[in-house]
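Reader: I would like a close look at one part of this model, namely its charged and aromatic side chains, with the neighbouring sheet for context. Please take it slowly and connect the pieces.

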Amino acid sequence: LLEEIKLYLSKRTLPPHTDRRKLDHDFAISTSFHGVHNIVRNPSRIRKVVWLLVVLGSISLLVWQVYSRLVNYFRWPTTTSMEVQYVERIEFPAVTFCNLNSAFISANRFQAEAAATFSVIFFLWNIVSKVLHLQEISTNSTGSKEAIDFLASERNFSITEFVKENGFYLNSSTLLECEFFGKPCGPEDFAHVFTEYGNCFTFNHGETIQAKEKVSVSGRGLHLLFNVKQEEFTDDPTLGFVDAGITFVIHSPMKVPQFDGLGLSSPVGMHTRVTIRQVKTVHQEYPWGECNPHMKLQNFRTYSTSGCLQECKAWHIKKQCGCLPFLLPGNGIECDLQKFYNCVSPILDHIEVKGLCTVGTHNSSCPVPCEETEYPASISYSTFPSQKALKYLSKKLNQSQQYIRENLVNIEINYSDLNYKITQQQKAVSVSELLADLGGQLGLFCGASVITIIEIIEYIFTNFYWICILFLLKIPEMVQGAPAPQNHLVNKDSIEVC
């Protein structure tokens, strides 16, 4: 290709000097770049100098403005807009409920041998739930030594089945009342889910009918009356249970519940009123924001950081241990307690120390979602039940008044208004706005446009074409065609002879 170009240029003739000067003069008087023709046509030298200074000053200001605009654009600035949308109907969120003191049924319901191993089981549950809620577990503790002995003797023990069968349950004895917008509901409307609290239950899960229904009246919603049955479940403070009541988290039906840092609590003997609002947040993709629109999850339909973290941990555990904890999503062999103790727990510590599963920025394992829906809540409490209601419930449930005070939890969750707030991160400068700004600067300082830029490019290309012919071809030919200087042999003694 280079040889063909060289051959083509060698056949071209270099235009005379007058033609080249005529090209410069024609460009100066015909270009749409303002001010240049005043330099050429003006008969006065002083005016030529003045116009030259004006044009150079305008070009300098133009370069400064263009540079500042480009620097600002490549800082990727954003603005945040907030908008309230009023609607006639709005989707009700999912709510996941757990018993605060419900890890396992109380040890006094087991025989003496089972009661002796209860603390060991609780220690093992701490290791199992570590996949969701990171915590320090001492390997030199008494529970650790007992756990090793327990695992050696009970190889077929399944903590999954143990927690599911002996943890908190939901039936007509623990869920005394359930109403959703005046319609009765029951335990069958809740989906079972494992969390760090053991057995938990989600109302309005993504696969239930209620998730497709929309709220049309504010101030009404979900009403529940729980019986936490403190006497049946562990309440030994040495085992970590110091509260009595229900903990719950309000989340999107398409997201997994996340209690760590987001859980709300309702103590026994209280009526908890929760008013919620729907807030939708839209994040920009990198480099304006930190979201990645191409992030997809294998086990969840909607991307979320909590779901991404679970899949990230599951991937590392499956790779190193060859199994999957039952608390994490995915398909694979379920990890037994021996694997939990010897492999899963150390791998979780390794993930935390090395930062293998991180959240937040665009280059982290789990960047923020591009769109997410949250439900900020306002909570108020009142004593429950009143004196008359206490007598009524005591008679209805055939329990003492003290039992009613110590075990019943009343929860109401309602929308405050039929509206939702959209918080949207937007690009402060789009590409079209940048081009419009640059075009405005060109027109303001030089009266130029895209046509002017094309004229300048054409002028530069023509001069470059002639320079290539002159310096790359014609000058070497002229040098080769010049006569070589004659060499004369002279003696050293005749150097000074004229």
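Over the face of which residue does Lys427 lie, and at what distance from the ring centre?

Author: In this predicted model, Lys427 lies over the face of Trp288, at 4.1 Å from the ring centre.

Asp26 counts as partly exposed, at 29% relative accessibility. The salt bridge between Arg69 and Asp437 has its closest N and O atoms 2.6 Å apart, and this pair links distant parts of the chain, with Arg69 in helix H4 (residues 45-73) and Asp437 in helix H13 (residues 431-446), 368 residues apart. Both partners are partly exposed, Arg69 at 25% relative accessibility and Asp437 with a relative accessible area of 27%.

Turning to the rings, a search of the whole structure finds 18 aromatic pairs. The pair of Phe168 and Tyr169 is stacked, with 6.4 Å from centre to centre and 20° between the planes; the angle falls under the 30 degrees that stacking requires. Phe168 is buried, its relative accessible area being 3%, whereas Tyr169 is partly exposed at 23%. Elsewhere, ring pairs link a cluster made up of Phe92, Phe97, Phe180, Phe181, Phe190, Phe203, Phe226, Phe248 and Tyr415.

Five strands form an open sheet in the order S6-S7-S3-S10-S11, with antiparallel pairing, and its edge strands are S6 (190-195) and S11 (264-267), each of which pairs on one side only. Neighbouring strands are turned by 30° against each other on average, with direction ignored. At one end of the order, strand S10 (residues 245-251) and S11 pair in the antiparallel sense over four bridges, and Ile246 has Ser266 in S11 as its bridge partner.

Notes:
Residues numbered from 1 in each chain as written. Predicted model: local features only at pLDDT ≥ 70, side-chain atom pairs only at ≥ 80, totals over all residues. Heavy atoms only, no water. Buried < 20%, exposed > 50% of the residue type's maximum accessible area, 1.4 Å probe, protein only. Salt bridge = Lys/Arg side-chain N within 4 Å of Asp/Glu carboxyl O. Helix = DSSP H or I, 4+ residues; strand = E, 2+ residues; numbered from the N terminus. Pairing = 2+ DSSP bridges. Axes fitted to C-alpha atoms, helices over the stretch in contact; angles between N-to-C directions. Phe/Tyr/Trp six-rings, centres within 6.5 Å; stacked < 30°, edge-to-face > 60°. Lys NZ or Arg CZ within 6 Å of the ring centre and 35° of its normal.
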